[in-house]
Amino acid sequence: MTDGRPFRVLSLDGGGMRGTYTATYLDRVATAFARRRKLDSLDIGKGFDLIVGTSTGAIIGCALAVGRPLSEVVALYRKHGPKIFSKKLPSSLVSVAPDLLLRKRALEAGEAELLGALVGTIGEETIAEVYERRGIALAFSAVEMSQHRAWVFKTPHFAATNHRDDNYRLADVCLASSAAPLYRSLAAIDQPDGGDGNPFNVFADGGLWANNPVLLGLIEALDVAEAGREIQIFSLGTCPVPQGEQIPRGDRHRGLPEWKFGGNAASLSVDAQEFAFDHMARKLTKHVNRKCSIVRFPHDKVPATLVPYLSLDDTREEAMNALITQARTDADMTNSKCAYRDTDPEAELICSLFETAPPLEEPPAARRSRDIDAAAASLSR
């Protein structure tokens with residue numbers, strides 16, 4: 001029974017370290033609504049029927065799925081980011097030679113750092129286990145390298161599922177979805193039901209085909225939501241670089257240094273997909289036989305002062321501080337829009353979402369630890 005409630009989807013873009021912005025923004029908006037409702041905090045994940053994500057969006061989505069506070073995701077980026085991206089892409093021919101010698105070692109160490117951080121934050125739960133415990137459908141994009149094909153890790157929320165992904169750990173799914181070429185190692189993930197021979201698949205970042213996974217969210221929702229049920233998709237970016245550049249005719253012959261040895265091409269793909277996939281999804285909503293809305297938020301222009309801090313692998317303290325400050329500013333602007341909800345349909349959707357999200361319950365492990373401490377304190381008195 002849906003009681004007339006819409007089917008709500010959260011779509012989270014990829015963007016490397018710019019995930020700091022997304023996590024801070026969502027946390028700030030939710031905190032303001034929790035304060036209005038006189039609650040300690042909101043369970044943002046449980047406010048959605050389906051969460052889809054790519055790369056850093058998969059990491060944020062998994063944290064929401066298991067019920068972890070987003071402040072812990074921001075702490076993950078702050079603490080572990082410099083070791084995950086310990087060697088930035090070369091920016092000149094002079095820096096290429098050292099990169100050839102040192103990058104593989106840096107990538108290997110970065111992968112180990114990220115996996116440890118993921119397990120420490122979201123735990124050891126599998127896709128099926130978190131779906132059984134929390135009831136939130138999940139879909140995260142990746143690329144399977146043996147066939148160069150798109151792969152979507154899914155919870156068993158679809159009636160016709162073959163349960164292929166049930167026993168993958170969420171931490172491994174995040175590793176696979178965020179394995180950005182050049183920036184990170186490819187992810188070799190053991191097949192959980194593989195048997196003898198230790199079979200595995202190698203994955204690359206889902207941003208290669210769905211950095212903005214809004215289309216994935218729309219298609220998945222149409223597959224699983226009851227016929228005629230309203231669909232609302234909330235699509236979040238990662239503070240993208242202001243779009244466009246004026247290129248003199250004579251500067252069009254760009255080589256490796258001008259493309260930052262691949263890094264600028266990756267950023268261009270991220271930014272182009274944000275616009276294209278959002279536009280295609282909105283076009284498709286006009287042709288489905290139900291009410292369907294897509295809210296892309298926040299959508300204010302990124303200030304020019306933030307541009308120097310938007311590289312996917314920028315782990316400088318000043319870069320993270322700039323992203324967090326901008327996220328807090330944008331979140332405050334979003335919260336203030338509720339005053340205009342009667343005349344702004346998007347503001348109405350956002351406010352209704354956070355007004356109906358349930359309170360965040362204390363995780364069982366933390367509750368047990370607190371009860372044990374309280375009992376010990378009582379005995380010592």
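I began with the rule for a salt bridge: a side-chain nitrogen of Lys or Arg lies within 4 Å of a carboxyl oxygen of Asp or Glu. By this rule I counted 18 salt bridges. The model is predicted, and I kept that in mind throughout.

**Entry 1: salt bridges**

I looked up arginine 133 next. Its partner is glutamate 125, and the closest N and O atoms are 2.8 Å apart. Arginine 133 has a relative accessible area of 43%, so I noted it as partly exposed.

Then I checked aspartate 165. Its side chain meets that of arginine 164 in a salt bridge, at 2.7 Å from N to O. Is aspartate 165 buried or exposed? I found a relative accessible area of 4%, so aspartate 165 is buried. The cut-off I needed here is that buried means under 20%. Arginine 164 is at 37%, so it counts as partly exposed.

I read 36% relative accessibility for arginine 316, which makes it partly exposed. Aspartate 314 has a relative accessible area of 4%, so it is buried. I also found a network: Asp13, Glu274 and Arg296 are joined by salt bridges that share partners.

**Entry 2: methionine 17**

Where is methionine 17 found? I traced it to the loop between strand E1 (7–12) and helix H1 (19–36). Its relative accessibility is 1%, so methionine 17 counts as buried.

Which residues is methionine 17 in contact with, leaving aside its neighbours within four places in sequence? I listed Tyr77, Gly81, Phe85, Leu312, Asp313, Asp314, Thr315, Met320 and Leu323.

Methionine 17 and isoleucine 84 are 67 residues apart along the chain, and their C-alpha atoms are separated by 9.9 Å.

**Entry 3: helix H10**

I then asked which residues of H10 are buried. They are Ala319, Met320, Ala322, Leu323, Ile324, Gln326, Ala327, Asp330, Ala331, Thr334 and Asn335. For the spacing, I recalled a general point. An α-helix has 3.6 residues a turn, so residues three or four places apart point the same way.

What covers the buried residues of H10? I noted that the cover includes H1, helix H3 (70–84) and helix H11 (345–356).

**Entry 4: backbone details**

I looked at proline 298, which is found in the loop between strand E8 (292–296) and H10. The peptide bond from phenylalanine 297 to proline 298 is cis, and its omega is near -10°.

Next came lysine 38. It is not a glycine, yet I read a positive phi of about 60°. Lysine 38 has its place in the loop between H1 and strand E2 (50–54). Its relative accessible area is 75%, so lysine 38 is exposed.

I ended on histidine 163. Its phi is positive, about 60°, although it is not a glycine. I placed histidine 163 in the loop between strand E4 (149–154) and helix H6 (170–177). With a relative accessible area of 42%, histidine 163 is partly exposed.

Notes
Residues numbered from 1 in each chain as written. Predicted model: local features only at pLDDT ≥ 70, side-chain atom pairs only at ≥ 80, totals over all residues. Heavy atoms only, no water. Helix = DSSP H or I, 4+ residues; strand = E, 2+ residues; numbered from the N terminus. Buried < 20%, exposed > 50% of the residue type's maximum accessible area, 1.4 Å probe, protein only. Contact = heavy atoms within 4.5 Å.
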